[in-house]
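Please work through each task before reading its solution.

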Amino acid sequence: MLTKKQLDLLEFIHKRVQRDGVPPSFDEMKEALDLRSKSGIHRLITALEERGFIRRLAHRARALEIVKLPDSLGGGPSGFTPRVIDGDRPDAAPPSQAREISTAGAMDLPLVGRIAAGVPIEALNQNNNSVTVPQAMLSGSGSHYALEVKGDSMIGAGINDGDVVVIRETKSADNGDIVVALIEDHEATLKRFMRRGGSIALEAANPAYETRVLPPDLVKVQGKLVGLIRSY
C-alpha cells in the first residue's frame, strides 16, 4: 500500500509522461509535492522502486521507468503499458539497424553522436556507442537512433543539456514536431518545426534563442523526436 505522498508522486510522474512524453525534473517533483528538498523526492522514488511501481534503468543513471500503476491510477486488469520517463542526423551513412537484445523487448540503439539544442553544430556520426531503450518507446516504422543533446535551447520542451534523445528516421514533419534539421547540408540542430508561408521556421523552446527562418531548400528533416533518456 502506498502512502499519500508516494501516490501523489507516482500520479504526477505518470501525468507528465502521458502529457509530454518526458519526465519532470526533481525540482518539478519537489515543487509539485511541496517538499523542502530533493532528498525527500529521492526517498519517495526509492520507496516506489522497492514496491515495484518504478525502476531505474541501468544504462543511464537514475533514468526511470513506470512499471505498473495502482488501480486508483488506472492500473490493474485494464492493462498498463510501461513507458520510459524521460524523443536526427545528417545525410551521412545511416547508423546500424537497431537490434533486439532481450525477450523483454529492449532495443540496442546506436548513439551516433551529439546534436545541438542551441547554436547549430556539426552532428557527429562516428560514435560506436549504443544505448538500450524499451521497445515500447519506439514509434512508427523505420530505423531509430540516439543522439546526445548539447545546449539549452529546448529546455522549455523538457529537453536539457546532456539528455539523450531517441529519434525515428523520417524526411517529413508536421507543424509542431520536434525534429533534427540539417541546415545547408552541414549543420544539424534539434528544434520545433513550423512552416511559415514559403519558409521553414526552426523554433527554440527557450526565449534566449531566436527562431531561425530559412528557405525550404536549405532545411532537410532527418527525423522526429520520439523519446528521451535523462540522468540526474
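**Exercise 1.** State how far apart Glu11 and Lys15 are in helix α1.

*Solution.* Step one: helix α1 covers residues 4-20, and Glu11 and Lys15 are four residues apart in it, so about one helical turn separates them. Helices are DSSP runs of H or I with at least four residues, strands are runs of E with at least two, and both are numbered from the N terminus. Step two: the side chains of Glu11 and Lys15 form a salt bridge, with 3.1 Å from N to O. This term denotes a side-chain nitrogen of Lys or Arg within 4 Å of a carboxyl oxygen of Asp or Glu. Step three: Glu11 is partly exposed at 26% relative accessibility, whereas Lys15 is exposed at 52%. Buried means under 20% relative accessible area, exposed over 50%, and partly exposed in between (1.4 Å probe, protein chains only).

The model is predicted: local features need pLDDT of at least 70, side-chain atom pairs count only at pLDDT 80 or more, and totals for chains, interfaces and linings use all residues. Residues are numbered from 1 along each chain as its sequence is written, and side-chain values use heavy atoms, leaving out hydrogens and water.

**Exercise 2.** Determine whether Lys224 and Asp177 are buried or exposed.

*Solution.* Step one: a salt bridge joins the side chains of Lys224 and Asp177 at 3.2 Å, N to O. Step two: Lys224 belongs to strand β13 (residues 219-229) and Asp177 to the loop between β8 (164-168) and β9 (178-183), so the pair ties together parts 47 residues apart in sequence. Step three: both Lys224 and Asp177 are buried.
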